[in-house]
Amino acid sequence: MRNGRFPKDRSYLFARLGIAIVVVAQCFGTSLWFSPAGAAAGLIARWQLEAADFSWLLAATQLGFIAGTIAIGLGGFADRWSTSRLFALSCASGALLNACVMAPQVGFISAWCLRFAVGVCLAGIYPLGMKLVVQWVGSKPALALAWLVAMLTLGTAMPHVIAAVGVSFSWELILLGASVLALMGGVMVAVA
């Protein structure tokens with residue numbers, strides 16, 4: 001709405017809807033980021049970890065994100081392929097990899113590798129979400145990018161929100177909840 005009235009063309013409304021979808025999908029997709037932190041007590045007990053060991057599990061995601069961002073940038077993937085498809089694929093892949101941590105045969109080392117791969121997938125969610133928002137907004141993306149970054153922050157806190165809502169939730173349900181949210185975010189962008 002501009003100047004208190006709806007614009008004559010509907011493209012303005014469609015652009016706003018597109019931005020809203022990307023912003024919410026970003027929130028859901030980035031719920032993968034700190035999902036082990038939301039499930040910390042269960043994962044520490046599962047593998048009988050020290051605090052320093054658990055911090056390496058969290059660092060795996062950051063290292064994967066750095067590697068993924070560099071790979072996407074150097075490979076030019078975001079410029080050669082559909083940004084929305086890459087975003088959706090990254091959400092789906094990250095959700096699957098995050099859920100794999102729950103498999104009974106997964107030990108600490110395999111979980112570290114899975115979390116590194118989740119970080120690579122997050123490189124297809126956060127930066128590409130920014131690109132999608134800029135494509136929807138055009139020349140004045142400041143407010144939309146502010147919403148996107150706010151949703152990134154909320155999304156990374158989502159596993160803690162899931163844990164707080166269900167005080168008796170198991171660590172598996174927290175990881176699964178983050179994976180389901182990420183999958184939903186990918187679907188939202190894929191169909192938008």
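Mentor: Gladly. Let's start with A67, which lies in helix α4. Keep in mind that this is a predicted model.

Trainee: Why is A67 called partly exposed?

Mentor: Its relative accessibility is 33%. Buried needs a value under 20% and exposed a value over 50%, so A67, at 33%, counts as partly exposed. As for its place in space, A67 and A92 are 25 residues apart in sequence, and their C-alpha atoms are 19 Å apart.

Trainee: T61 lies in helix α4 too. Is T61 buried or exposed, and how do you know?

Mentor: T61 has a relative accessible area of 1%. The limit for buried is under 20%, so T61 is buried.

Trainee: What is T61 in contact with, leaving aside neighbours within four places in sequence?

Mentor: With W33, R115, G119 and L122. Take R115: T61 and R115 are 54 residues apart along the chain, yet their C-alpha atoms are separated by 5.2 Å.

Trainee: How do you know that the span of helix α4 agrees with what a helix should give?

Mentor: Helix α4 has 25 residues, 51-75. The rule takes 1.5 Å times one less than the number of residues, so α4 should span 36 Å. Its end C-alpha atoms are 36 Å apart, which agrees.

Trainee: Which residues of α4 are buried, and what do they pack against?

Mentor: The buried ones are F54, L57, A60, T61, G64, F65, G68 and I72. They pack against α2 (35-38), α3 (40-47), α5 (77-80), α7 (108-122) and α8 (126-137).

Trainee: What makes the phi of Q48 worth a remark?

Mentor: Most residues other than glycine have a negative phi. Q48 is not a glycine, but its phi is positive, about 50 degrees. You will find Q48 in the loop between α3 and α4.

Trainee: And is Q48 buried or exposed?

Mentor: Its relative accessible area is 71%. Exposed means over 50%, so Q48 is exposed.

Trainee: Now S35, in helix α2. Is S35 buried or exposed?

Mentor: The relative accessible area of S35 is 0%, and buried means under 20%, so S35 is buried. Leaving aside neighbours within four places in sequence, S35 is in contact with N98, R115, P159, I174, L175 and A178.

Trainee: Which residues touch the most other members of the largest nonpolar core?

Mentor: That core has 46 residues, and L43, W47, F87, V101 and L122 touch the most other members. The elements giving two or more residues to this core are α1 (11-29), α3, α4, α6 (83-100), α7, α8, α9 (142-165) and α10 (171-191).

Trainee: What does V101 touch, not counting residues up to four places away in sequence?

Mentor: V101 touches L43, R46, W47, V106, A111, L114, R115, W171 and L175.

Trainee: Why are C27 and C121 called buried?

Mentor: C27 has 4% relative accessibility and C121 has 11%. Buried means under 20%, so both count as buried.

Trainee: Stepping back, how many helices and strands does the protein have?

Mentor: Ten helices and zero strands.

Trainee: And why is the protein called as compact as a globular protein of its length?

Mentor: The globule rule gives 16 Å for 192 residues, and the radius of gyration is 18 Å. These values are close, so the protein is as compact as a globular protein of that length. Along its principal axes, the C-alpha trace spans about 60 × 40 × 25 Å.

Trainee: What share of the 192 residues is buried?

Mentor: Buried residues make up 43%. The accessible surface comes to about 9,900 Å², with 71% of that belonging to carbon and sulfur atoms.

Notes
Residues are numbered from 1 along each chain as its sequence is written. This is a predicted model: local features need pLDDT of at least 70, side-chain atom pairs count only at pLDDT 80 or more; totals for chains, interfaces and linings use all residues. Side-chain values use heavy atoms; hydrogens and water are left out. Helices (H or I, at least four residues) and strands (E, at least two) are DSSP runs, numbered from the N terminus. Buried means under 20% relative accessible area, exposed over 50%, partly exposed in between (1.4 Å probe, protein chains only). Contact means heavy atoms within 4.5 Å. A nonpolar core is a set of buried Ala, Val, Leu, Ile, Met, Phe, Trp, Tyr and Cys residues joined through side-chain atoms within 4.5 Å. The radius of gyration is taken over C-alpha atoms; the globule rule is 2.2 Å times the number of residues to the power 0.38. Accessible areas come from the Shrake-Rupley method with a 1.4 Å probe; for residues, only the protein chains shown count as cover.
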